[in-house]
Amino acid sequence: MKLFCTVTLWLVTLAPLCSHAVPEGDPPNHGLVGLRPLPRTAAMDHGHNHGGSWAGTPTFEEQKGNYPFVANNLDLVKGWLDGDFKTKRVFFEHYWGLSDARDDLDPKKNLLIQTIRKWETQGARVDHILICREYDLAIQRGHKDAKPGPFKEDTRILYEKDFDDIRAMFKRAHKMGLIKRRNYKLIQMIQEPSFFARDKRFLPIMKKCDGIAYECHQFNRHWPLETGWGKPEKVIQGAKWTLAQGKEYVFYYGPIRWKGDVYYEFMERDWLQKFWKAGLPKHHPRMHYYLNTFPHADGRGRPVGPETDPHSVLGFTKWLIEEITLAKE
């Protein structure tokens, strides 16, 4: 029987909201670990410039055969199925509201449908779509038609109608044979780590999405951890509230620092350990940890592998998989 959600559910201690989808195949005591492998190959990524040129940076392609544990135990991967990873489960980011052309609700023209189709035709299963209105950055980067969401406190949040339109489009696209499923998990990416959990105006939107994704960087306004944009108490409030509603929470971690003026050994692990010590759920079937360790600023000097090097990206990924899937609280 369908559960009816009440308007008082913004309090973390109350009953969960109804969800569009139940997590498929999640272990009973922990969530998923995902990775965005960048740079993938020199041809694909060395031409990028995000926080500095990526030219000449280490690639995942160069580490072929050097990460058997990660290859066998990683749950989800983003943007690349040509590595050693055994998983075919993928996640990706998608920006809504940049232009009418991108958001055309004709399934044959829509970019989101095209992206899902691209991965499914490669044999992948799309698990999580991290979605938002990326207005603040997009308007600065030439997307003159970009439009913000309904809240000035966090312009990334989609409108209720956005979710309704997208889910209706999924059904049409499935009926047309363009995609394999009638529905997909839409994880709302947010900027402000706790606004959505404190303001009851967000409740109708929480009913529409399947969870929340928060990006935790070690740069810019996120620095330092204790006083930055995503200080632990605010992130924890948002995460716990999300899980209490029966929804999924993605802690999207990165980019991370490497050897620079402020780096200390295993800083990347230390930040996670501080979050966990402060109360961020570590072992929960709907609490997921995805790494977004692309080479930004001083982070571009970090080696990609092998996984036996604990300071490398793959070594860090191995450690995180062991912490989430093997270690006990």
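How many residues apart in helix α10 are E322 and K318?

**The whole chain**

Show everything first. This is a predicted model. The protein has 329 residues, and buried residues make up 54% of them. Its secondary structure comes to 10 helices and eight strands.

Colour by pLDDT next. The mean for the protein is 91, and 89% of the residues reach 70 or more. Now select residues 1-23. Here pLDDT stays under 50. The model still has 51 contacts beyond four places in sequence for residues 1-23.

Look at how the chain meets itself. Take the contacts with a separation of 6 or more: residues 24 or more positions apart account for 71% of them.

**The largest pocket**

Select R36, H50, E93, Y95 and E134. Of the 42 residues that line the largest pocket, these are the closest to its centre. The space in this pocket is about 1,400 Å³.

Which elements give two or more residues to the lining of the largest pocket? Highlight β3 (89-95), α3 (111-121), α4 (135-138) and β6. Then colour the lining by residue type. It divides into 16 nonpolar, 13 polar and 13 charged residues.

Most peptide bonds are trans. Two stops here are cis.

Go to L38 and P39. The peptide bond between them is cis, with omega near -15 degrees. P39 sits in the loop between β1 (33-35) and α1 (42-45).

Now jump to W223 and P224. The bond from W223 to P224 is also cis. Its omega is near -10 degrees. Find P224 in the loop between β6 (211-216) and α8 (232-244).

Most residues other than glycine have a negative phi. The next two residues have a positive one.

Stay in the loop between β6 and α8, and select N220. Its phi is near 55 degrees, a positive value in a residue other than glycine. Is N220 buried or exposed? N220 is exposed, with a relative accessible area of 61%.

Move on to A297. This residue lies in the loop between β8 (287-291) and α10 (313-325). Phi of A297 is near 50 degrees, again positive in a residue other than glycine. A297 is partly exposed, at a relative accessible area of 24%.

**Salt bridges**

The count of salt bridges comes to 23.

Start with D84 and K64. Their side chains meet in a salt bridge, 3.4 Å from N to O. The pair links distant parts of the chain, 20 residues apart. D84 is in the loop between β2 (76-77) and β3, and K64 is in the loop between α1 and α2 (68-73). D84 is buried, because its relative accessible area of 16% falls under the 20% cut-off. K64 is exposed, because its 63% is over 50%.

Next, select R156 and E215. Their closest N and O atoms are 2.7 Å apart, and the two form a salt bridge. What parts does the pair tie together? R156 lies in the loop between α4 and α5 (160-175), while E215 is in strand β6, so the bridge ties together parts that are 59 residues apart in sequence. R156 is buried, with a relative accessible area of 6%. E215 is buried too, at 12%.

Now for the pair from the opening. Select E322 and K318. They form a salt bridge, with the closest N and O atoms 2.8 Å apart. The two are four residues apart in helix α10, so about one helical turn separates them. E322 is partly exposed, with a relative accessible area of 25%. K318 is partly exposed as well, at 24%.

End with a group. Select K152, E153, D199 and R201. Salt bridges that share partners join these residues into one network.

How values were computed. Residues numbered from 1 in each chain as written. Predicted model: local features only at pLDDT ≥ 70, side-chain atom pairs only at ≥ 80, totals over all residues. Heavy atoms only, no water. Buried < 20%, exposed > 50% of the residue type's maximum accessible area, 1.4 Å probe, protein only. 1 Å grid on protein atoms, 1.4 Å probe; cavity = no way out; pocket = protein on both sides within 12 Å on 5 of 7 lines; lining within 4 Å. Points joined across faces, edges and corners; volume = space filled by probe spheres on them. Nonpolar A, V, L, I, M, F, W, Y, C, P; charged D, E, K, R; others polar. Salt bridge = Lys/Arg side-chain N within 4 Å of Asp/Glu carboxyl O. pLDDT = per-residue confidence, 0-100. Contact = heavy atoms within 4.5 Å.
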